[in-house]
Amino acid sequence: MSNGKSILIDTSLCTACRGCQVACKQWNNLPGTKTKQIGTYQNPQDFSASTWKLVRFADGKNGNGKPYWYFFSDMCRHCMEPPCADTIQGFVKDGVIRDETTGAVVYTGKTKTVPFEKVRASCPYDIPRQNLKTKVMAKCTMCIDRIKNDRVPACVQSCPTGAMIFGDRSEILVMAEKRVAELKKSYPKAMALNPEDVRVIFIVTDDPQKYWKYATV
């Protein structure tokens, strides 16, 4: 497989406008889902077969008593060695495609014959979901159809602050390293999350667990 592509998500630049979340729905023709207000700006509350991109909201207080409010534009990490693919392939052939050019990990209709909970449990980021009617599994495709036509993923194109960048993996890794070094001047805990293991690389300025329990492994 070639070096492929990657997406860099700099949470320090995210304003939680949710443009990426809406763009994902629009491009992939994903229906809206009925939600319930439970006292948070996050909506919906989790992924589903109809929601592949989700801006998660987290708030709390640091040890010094000062509050924090973090945004985490969650999505499939398109792992370099995806454990979900290994699980699926253990049950059915061609249930998942690993695109040779980009490295994108894409589920197929054949996943309907695979035990869903085993696939979900194999993902360290808790990404896979299942259509309850068709039993087909679903998640972000990295907009492989757009990439093949020389367009960036819909979520990346929609971002108004430049918090999301798409490009060749080698270039994205360099950008991530430089950005972390810059952020560390003001945020000593700044880091890139699992950059060697995933194609969708998040940059955070604080303890990853404050953003989302599955932010990193």
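Reply: Let's start with the disulfides: the structure holds zero of them, a disulfide being a pair of cysteine sulfur atoms within 2.5 Å. C84, for one, is in no disulfide, and its nearest cysteine sulfur, that of C123, sits 6.2 Å away. C84 is also buried, at a relative accessible area of 8% (buried means under 20% relative accessible area, with a 1.4 Å probe and protein chains only). As for C159, the closest cysteine sulfur belongs to C17 and is 6.3 Å off, so that's too far for a bond.

A quick word on where this comes from: this is a predicted model, where local features need pLDDT of at least 70, side-chain atom pairs count only at pLDDT 80 or more, and totals for chains, interfaces and linings use all residues. Residues are numbered from 1 along each chain as its sequence is written, and side-chain values use heavy atoms, leaving out hydrogens and water.

Now the strands, which are DSSP runs (E, at least two residues) numbered from the N terminus; two of them pair if DSSP finds at least two bridges between them. Four strands make an open sheet in the order β8-β1-β10-β9, with mixed pairing. Its edge strands, β8 (164–168) and β9 (191–192), each pair on one side only. Inside that order, β1 (residues 5–10) and β10 (residues 200–204) run parallel, joined by four bridges, and I9 stands opposite F202 in β10.

Elsewhere in the chain numbering, β2 (residues 54–61) and β3 (residues 67–74) run antiparallel with eight bridges, and V55 faces S73 in β3. Their hairpin has five residues between the strands, and G65 there takes a positive phi near 90°.

Definitions and conventions:
Buried < 20%, exposed > 50% of the residue type's maximum accessible area, 1.4 Å probe, protein only.
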